[in-house]
Structures are given as structure tokens and as C-alpha cells.
Amino acid sequence: MNHKPTFPLLLLTLLLTLAACTDVIPADPAEVVTIPPQPTQVVSTEPAATLPPEPTATPVAEPTAPPTADFRLTILHNNDGESQVINAGPELEDFGGAAVFTTVVNTLRDSADTDGVVMISSGDNFLAGPEFAISLENGAPYYDTIVMEQIGYDAVNLGNHDFDFGPDVLAQFLDGYTDAPPYVSANLDFSDEPALQAYVDAGVIRPSVVVDAGSVPVGIIGLETPNLPFNSSPRDVGVGQDLVTPVMTAVEQMTEDGVTIIILTSHLQDIRNEVDLVAQLEGYGCGHCRGRRRAAGRWAGYTAAGRFAGRPLPTVGQRQHRPARTHRDHFRGVSLCRPSDYPL
């Protein structure tokens with residue numbers, strides 16, 4: 001079998017291939033136009049990237065004035081008066097004592113730039129000692145009672161030392177008032193002590209009270225230490241160990257009556273007891289407790305820390321509204337306030 005040469009076929013194929021790859025060539029070389037190569041398009045199988053949105057300018061808020069309170073309340077308080085009714089003696093006449101304290105309270109009350117003022121004692125209003133011994137010797141009115149009436153309390157809590165001489169002496173202490181302030185204690189039962197029950201029946205001793213502070217009613221609830229039978233002499237006064245229920249019962253009643261500011265004044269003898277209690281309360285407005293204090297002078301108040309609705313409240317580490325201090329001042333207490341429509 002004869003094979004014909006394939007060279008002409010290969011040459012023809014090569015020429016066709018070159019012609020397919022070359023643009024038309026004009027007869028005149030001067031008229032040749034060079035066509036630039038076209039860019040190669042690469043097709044990717046990857047998803048197209050999403051470009052981030054163009055940033056927009058954040059509008060600058062106009063400065064606003066701070067909110068104004070509908071009602072502002074000043075709370076004056078002290079704990080542990082403890083019969084320190086006179087000053088510290090010669091050359092220290094302006095140091096301590098009920099006269100200086102009363103003057104300070106009156107000045108603060110008169111100069112308050114708020115809409116209302118309340119004055120509260122959180123207990124231990126008298127104590128064994130030379131001053132109280134003279135009161136016992138002379139009988140009612142006791143000097144401490146006279147001092148407290150001059151100060152002008154809106155509510156008074158009972159402390160453990162107020163029971164040191166028994167219920168009868170406490171009743172005599174109350175006998176000395178011309179116009180007794182409310183004595184608040186929500187966890188005490190006086191039904192087995194006739195002399196004190198008479199003050200319950202008269203509305204002087206009560207679980208809580210609502211007082212007028214300017215144009216707004218303010219509720220005040222009192223609590224006594226559950227350890228009262230062990231550190232004093234309450235005799236047949238019933239001491240409730242449940243502190244939450246009586247407080248919340250009073251809060252609910254006051255709330256139903258339209259009271260929006262509620263103060264708790266307690267005498268639990270240790271700030272840790274107050275902090276533990278506050279963690280169990282709901283919807284309270286403000287709490288003030290008696291703090292432990294050992295000092296040569298009395299008539300003092302202290303604010304510390306607490307919580308509202310599970311949130312910590314700021315600590316105020318200063319002693320307030322006191323005319324003088326002694327070199328042996330050591331005491332603890334708590335004042336609890338919540339932010340509300342009525343900032344305190």
C-alpha cells in the first residue's frame with residue numbers, strides 16, 4: 001500500500017490556523033492597524049465578596065439639662081442618744097450634749113432647701129448612767145424625754161437599751177411626753193404588757209406611721225433586733241423573729257394608700273444584719289438602721305450601703321448631722337435609698 005506525503009496537509013493546517021489567529025491584513029502595509037490584545041476574563045467559582053456598607057456619621061445628641069425632681073426630701077436621723085444629755089464638761093461645753101445637737105437639728109431643719117424634712121431616731125434613746133439615774137430618782141418626765149420632745153421627732157424606733165430597765169420604766173419614759181411622737185416597731189407584740197399596750201391602744205406605739213413631709217406623705221417602718229430577749233429585759237414583750245413579713249405587710253398597705261416614699265428604720269445592731277434583710281425586701285423606698293457605736297458622746301447618725309431590687313446602692317462613708325465627735329467614736333449603720341420619681 002502506497003502512502004502519500006502528509007506534509008502539504010500539515011502545511012495547509014498550519015496556514016489555516018495562522019489565518020484564524022490573524023486580523024485581516026490590508027494590501028497597503030502603511031494602513032496596517034494593530035489591534036491591542038483584549039483582557040482575559042477569569043471566571044471564579046467562589047461566591048462574590050460582600051462589600052461593607054459605607055459608614056454613616058453618628059448624629060451628636062444635643063446636651064440636655066439634668067432631670068428635676070418632683071419632690072426632694074431631707075432625712076435627719078440619729079441613733080444611740082443613750083442619755084448623753086449634757087456636754088463633755090468644763091472647757092468642752094460646745095462638745096457633745098443634747099443642747100448642741102438640738103441646735104444643729106433646728107438649723108438643718110430651718111435651712112433645708114428641699115420640699116420636706118423628717119427627723120428619725122433609730123433607738124437606744126436612754127441608757128443606764130449618772131444622767132438617767134437622776135431621771136429615775138426624780139421620776140417622769142425623764143430628762144431624756146424632755147430632750148426628745150425638744151428635738152421634735154417624726155418617728156422613734158425602739159432599741160435594746162430602751163428595755164434594759166423593763167417595760168414599766170419604758171412606759172414611764174413615755175409618760176413624760178406632752179405630745180409623744182410615734183414609736184414604730186413592726187416585730188414587737190405588747191399585748192402581754194399592759195402599761196405598754198395602753199400606748200399601742202392610744203396609737204403611740206405602732207408598727208409604722210405615715211407623716212406629712214411637705215406636700216408628700218412619707219411612710220416610716222420600725223424594726224427591733226430579734227435578739228432582744230437575750231441582750232435586754234423585755235419581760236413579756238413578744239419579739240418576732242421574722243422581719244421580712246411585717247415590713248412587706250406595711251409596705252403593701254402604704255403602697256395601696258398611695259405612699260410613694262417609705263423609710264425603714266431598724267435596730268438590728270450590726271450592719272451585716274441590715275444588708276441581709278434588705279436583700280430580701282421588695283419595693284422599699286429607703287431604709288435607715290441603728291449602727292453599733294461605742295463612744296463617750298452620743299447623738300449621732302451614720303449612712304452606709306445597701307441594695308435596691310438586687311442592685312447595689314452607693315456607700316456614703318461619713319457621719320452626718322452631728323454636732324461633735326469624741327476620740328472613741330466607733331459605730332456602724334445603714335441608710336438605703338432608691339432612685340425614683342422622688343429622689344432623696
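Of the 344 residues in the chain, 43% are buried. The model is a predicted one. Its chain contains nine helices and 18 strands. When contacts between residues at least 6 apart in sequence are considered, 76% of those contacts join residues at least 24 apart.

The largest nonpolar core comprises 32 residues, and the members that touch the most other members are Phe-163, Phe-173, Leu-174, Tyr-183, Leu-188, Phe-190 and Leu-196. Two or more residues of this core come from each of helix H2 (98-111), helix H4 (143-151), H5 and H6. The greatest contribution is that of H5, which supplies five residues.

Within H5, the buried residues are Pro-167, Val-169, Leu-170, Ala-171, Phe-173 and Leu-174. The cover over these buried residues includes both helices and strands: helix H3 (130-138), H4 and H6, together with strand E4 (183-184) and strand E6 (205-206). Apart from neighbours within four places in sequence, Leu-174 is in contact with Tyr-183, Leu-196, Tyr-199 and Ile-205.

The packing of H5 against H6 can be described in geometric terms. Two packed helices are described by the angle between their axes and by the distance between those axes. For helix H5 (residues 167-175) and helix H6 (residues 194-201), the axes come within 8 Å and cross at roughly 40°. The two helices H5 and H6 are therefore oblique to each other, because an angle counts as roughly parallel only under 35 degrees and as roughly perpendicular from 65 to 115. On the H5 side, the residues that meet H6 are Pro-167, Asp-168, Leu-170, Ala-171, Leu-174 and Asp-175, and their counterparts in H6 are Ala-195, Leu-196 and Tyr-199. Sorted by class, this contact of H5 with H6 holds seven nonpolar residues and two charged residues, with no polar ones.

A further feature of the chain is a strand hairpin. Strand E7 (residues 208-213) and strand E8 (residues 216-224) pair in the antiparallel sense, and six bridges join them. One of the residues in bridges is Ser-208, whose partner in E8 is Ile-221. Two residues lie between the strands of this hairpin, and Gly-214 takes a positive phi near 70° there.

Notes:
Residues are numbered from 1 along each chain as its sequence is written. This is a predicted model: local features need pLDDT of at least 70, side-chain atom pairs count only at pLDDT 80 or more; totals for chains, interfaces and linings use all residues. Side-chain values use heavy atoms; hydrogens and water are left out. Axes are lines fitted to C-alpha atoms, for helices over the stretch in contact, and angles run from 0 to 180 degrees between N-to-C directions. Helices (H or I, at least four residues) and strands (E, at least two) are DSSP runs, numbered from the N terminus. Angles under 35 degrees count as roughly parallel, over 145 as roughly antiparallel, 65 to 115 as roughly perpendicular and the rest as oblique. Contact means heavy atoms within 4.5 Å. Ala, Val, Leu, Ile, Met, Phe, Trp, Tyr, Cys and Pro count as nonpolar, Asp, Glu, Lys and Arg as charged, and the others, Gly among them, as polar. A nonpolar core is a set of buried Ala, Val, Leu, Ile, Met, Phe, Trp, Tyr and Cys residues joined through side-chain atoms within 4.5 Å. Buried means under 20% relative accessible area, exposed over 50%, partly exposed in between (1.4 Å probe, protein chains only). Two strands pair if DSSP finds at least two bridges between them.
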